[in-house]
Amino acid sequence: MKTLLKWTAGAVIALSAITGASAANTLKWGAARDLDSLDPYSYGSTFNLAFLNHVYEALIRYDDKFNITPALAESWESPSPTVLRFHLRRGVKFHNGAPFSADDVVASMTRVSDDASPLKGNLPAFKAVRKVDDYTVDIEMTHPYPLMLNDLTNIFIFNRQWLVDNNSLKPTDAAKKIEGYATHNANGTGPFKVESFRPATRTVLVV
């Protein structure tokens with residue numbers, strides 16, 4: 001089965017589950033705007049982040065009752081009042097086949113907290129990120145901050161090597177027209193993979 005999510009800017013999104021050459025079910029819905037960027041750190045809009053949540057994953061996420069639940073992290077604890085320790089899921093792969101590890105979390109947190117990142121303000125208590133081992137990371141806060149888990153639900157994780165290979169370790173900024181490889185390309189761990197992206201025209205996601 002191949003599932004398609006087709007997005008036409010300002011018009012229609014079609015979700016098609018195709019089980020055979022002649023069988024198709026399609027859900028269509030409209031929207032008044034287009035994606036600002038495929039880079040989830042490029043523009044801090046709810047619309048952009050909600051769409052890219054189908055492509056990328058964060059360490060944690062909300063369930064349908066707004067409880068914080070595991071995503072790329074399978075569990076977490078607080079070894080001290082200013083540190084959150086995340087234990088990462090094993091066996092996860094990015095859409096390009098690269099394995100997920102703590103290096104990806106470190107690179108992503110470093111990128112999103114860069115002074116040039118439009119999403120830096122979404123992490124007001126972030127201080128540092130440290131790799132404990134290949135599947136454990138510590139996120140240090142400037143002070144005890146009970147909303148840090150909530151803030152992290154919108155911080156999606158990139159593959160470090162993909163960023164390096166495409167000269168994209170520095171963030172982009174849609175509002176300032178600062179673009180990069182991640183503006184028009186994506187490589188997440190989410191349920192949908194970007195097949196094509198034509199700004200103001202159409203975006204196609206596939207499973």
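Where is Lys 177 found? Lys 177 lies in the loop between α4 and α5. The model is predicted, so local features need pLDDT of at least 70 and side-chain atom pairs count only at pLDDT 80 or more, while totals for chains, interfaces and linings use all residues. Residues are numbered from 1 along each chain as its sequence is written, and side-chain values use heavy atoms, with hydrogens and water left out.

The secondary structure comes to five helices and 11 strands. Helices (H or I, at least four residues) and strands (E, at least two) are DSSP runs, numbered from the N terminus. Of the 207 residues of the protein, 45% count as buried. Buried means under 20% relative accessible area, exposed means over 50%, and partly exposed lies in between (1.4 Å probe, protein chains only). Among contacts between residues at least 6 apart in sequence, 56% join residues at least 24 apart. Contact here means heavy atoms within 4.5 Å.

Four strands form an open sheet in the order β6-β7-β9-β8. The pairing is antiparallel. Two strands pair if DSSP finds at least two bridges between them. Strands β6 (73–80) and β8 (126–133) stand at the edges. Each has a single partner strand, so one side of each is left without a neighbour in the sheet. Neighbouring strands of this sheet are turned by 20 degrees against each other on average, direction ignored. Axes are lines fitted to C-alpha atoms, for helices over the stretch in contact, and angles run from 0 to 180 degrees between N-to-C directions.

Strands β6 and β7 pair in the antiparallel sense over five bridges. A hairpin joins β6 to β7 through two residues. Ser 80 stands opposite Val 83 in β7. Strand β7 (residues 83–88) also pairs with β9 (residues 136–141), in the antiparallel sense and over five bridges. Phe 86 stands opposite Val 137 in β9. Helix α2 (residues 102–112) packs on the sheet and touches β7, β8 and β9. The direction of α2 makes about 165 degrees with that of β8.

Eight of the 11 residues of α2 are buried, so the helix is largely enclosed by the rest of the structure. The buried residues are Ala 102, Asp 104, Val 105, Ala 107, Ser 108, Met 109, Arg 111 and Val 112. Their cover includes β7, β8, β9, α3, α4 and α5. An α-helix has 3.6 residues a turn, so residues three or four places apart point the same way.

Ser 108 lies in this helix. Its relative accessibility is 0%, so Ser 108 counts as buried. A polar atom of the Ser 108 side chain lies 2.8 Å from the backbone oxygen of Asp 104. Leaving aside neighbours within four places in sequence, Ser 108 is in contact with Tyr 41, Phe 156, Ile 157 and Phe 158.

Ile 155 lies in the loop between α3 (148–152) and α4. With a relative accessible area of 2%, Ile 155 is buried. The C-alpha atoms of Ile 155 and Tyr 41 are separated by 7.8 Å, although the two are 114 residues apart along the chain. Beyond neighbours within four places in sequence, the contacts of Ile 155 include Tyr 41, Glu 57, Leu 59, Met 109 and Val 112.

The structure holds seven aromatic pairs. Rings of Phe, Tyr and Trp (its six-membered ring) pair if their centres lie within 6.5 Å; planes under 30 degrees apart count as stacked, over 60 as edge-to-face and the rest as tilted. Phe 94 and Phe 100 form an edge-to-face pair, 6.3 Å centre to centre with 65 degrees between the planes. Both Phe 94 and Phe 100 are buried. Tyr 41, Tyr 56, Phe 158, Trp 162 and Tyr 181 form one aromatic cluster. The charged end of Arg 111 sits over the ring of Phe 158, 4.7 Å from its centre. A charge sits over a ring if NZ of Lys or CZ of Arg is within 6 Å of the ring centre and within 35 degrees of the ring normal.

Two loop residues have positive phi values. Asn 167 has a phi of about 50 degrees although it is not a glycine. Asn 167 is found in the loop between α4 (160–165) and α5 (181–184), and is exposed at a relative accessible area of 74%. Lys 177, also not a glycine, has a phi near 60 degrees. Lys 177 is exposed, with a relative accessible area of 70%.

Notes:
A polar contact is a pair of N or O atoms within 3.5 Å; within protein, one must be able to donate a hydrogen and the other to accept it, and residues adjacent in sequence count only if both atoms are side-chain atoms.
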